[in-house]
Amino acid sequence: MRKIRIHVSSPSDVQEESQALVGLVADLQRETAEKRGLVLDLVRWEESAVPALGRPQEAINRQIPATDIFIGVLWARFGSPTVETNSGTEKELRRALDSWQLLGRPHVLLYFCNRPIDPEQLDPDQLTRVQKFRKSIAEHQLYATYRSVEEFRSLVRRDLAKLVQELDSREERTERSPRLFYSYAHEDAGLREELAKHLRVLERKHIIESWYDNMIAPGAEWSREVSDQLEQADIVILLVSADFLDSDYCYTVEMQRALERHTTGEVCVVPVILRSALWEESPLANLKALPRDGRPVTLWGNRDEAWVDVARGIRRVATSLSAR
């Protein structure tokens, strides 16, 4: 069954609407999605967030690329300030809209409440920020307005049902891009992000789809999600370093399973040598590594040249898989 992730962003003054979405999605799952072989996964950060390294809002923002549908609900508040912006909700909304404009996903549904506000509960600064945001997106005609929770339910039910059907039909009409799975030691997270930037252009052209562990939704079972994604991958990128070879999970779980699937032709495993390490003594010795000649990325005089060499190699692999 295919999963459609629905991310909800809503400040504290629209919690009734947020709760209503739970019932709406459950109804849609029962009435429509199950018949289509779909699972609707509703993510509400106030319930799903778990402690993590780094700033909480930063961890939340990293989930956006994995989202299919983004629902934003606003009334008179824009949420609490973060280190980077005036509001965590604002950061989520802006990021979702930017991703939609650049990549065509997630699909964004925005709703603004127009019911009267209790003067005692009014924060003028918060209301002003909401109004400015609404004005800034008015030309895109991306939002709807409502005056009651019942009207909200009706609008969202209509919009979600239409969008789920559209997403399912689109999936049936188009061949998916090869799925790329990053296997890496967390000590090399910065280098993984550098490579991701160079591969972004391939994602925008739908030459590849990428997945890595920070895309796991809060509250999901980490090991199961990693295993599922590894089994669905068409390309596994092993980001090799001494830390990678030292990691029991990277070496004995992810790498070994990837190599098993590589042997049967189910997946293409590509080692990318990040830093000097004795990888020639590992099972990877029999595989062609990137960058060219297996020269570690960090030893190149111009690191961008190394990443471009890696990106071109991955593009060749993805194009070959798509041509099968």
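**Cysteines.** I began with C113, which counts as buried because its relative accessibility is 5%. My cut-offs: buried means under 20% relative accessible area, exposed over 50%, and partly exposed in between, with a 1.4 Å probe and protein chains only. C250 also counts as buried, because it comes out at 4% relative accessibility. Next I searched the whole structure for disulfides and got 0. A disulfide here is a pair of cysteine sulfur atoms within 2.5 Å.

**What I'm working with.** This is a predicted model, so I noted that local features need pLDDT of at least 70 and side-chain atom pairs count only at pLDDT 80 or more, while totals for chains, interfaces and linings use all residues. Residues are numbered from 1 along each chain as its sequence is written, and side-chain values use heavy atoms, with hydrogens and water left out.

**Strand 4.** C113 made me look at strand 4 (residues 107–113), where 7 of its 7 residues are buried. Helices (H or I, at least four residues) and strands (E, at least two) are DSSP runs, numbered from the N terminus. Which residues point which way? H107, L109, Y111 and C113 go one way from strand 4, and V108, L110 and F112 go the other.

Strand 4 runs parallel to strand 3 (residues 69–74), and 6 bridges join them. Two strands pair if DSSP finds at least two bridges between them. I71 has L109 in strand 4 as its bridge partner. Strand 4 also pairs with strand 5 (residues 143–146), in the parallel sense, over 4 bridges. There, Y111 is partnered by A144.

I followed 5 strands in an open sheet, order 2-1-3-4-5, with parallel pairing. Strand 2 (38–44) and strand 5 are the edge strands, since each pairs on one side only. The twist averages 20° from one strand to the next. Helix 1 (residues 15–33) packs on this sheet, touching strands including strand 1 and strand 2, and its direction makes about 175° with that of strand 2. For angles, axes are lines fitted to C-alpha atoms, for helices over the stretch in contact, and angles run from 0 to 180 degrees between N-to-C directions.

**Helix 5.** Helix 5 (residues 124–136) lies across strand 3, strand 4 and strand 5, at about 135° to strand 4. I picked out Q126 in helix 5. Is Q126 buried or exposed? Q126 counts as buried because it has 6% relative accessibility. Leaving aside neighbours within four places in sequence, Q126 is in contact (heavy atoms within 4.5 Å) with A76, R77, F78 and G79.

I then found an open sheet of 4 strands, order 7-6-8-9, with parallel pairing. Strand 7 (209–211) and strand 9 are its edge strands. Strand 6 and strand 7 pair in the parallel sense over 3 bridges, and the partner of L180 in strand 7 is S210. Helix 7 packs on the sheet, touching strand 6, strand 7 and strand 8.

**Helix 11.** Last, I checked a length. The 20 residues of helix 11 (residues 303–322) should span 28 Å at 1.5 Å a residue, and the end C-alpha atoms are 29 Å apart, which agrees. The expected span is 1.5 Å times one less than the number of residues. The buried residues of helix 11 include A306, W307 and D309. Those buried residues pack against strand 6 (179–183), helix 7 (189–204), strand 8 (235–240) and strand 9 (268–273).
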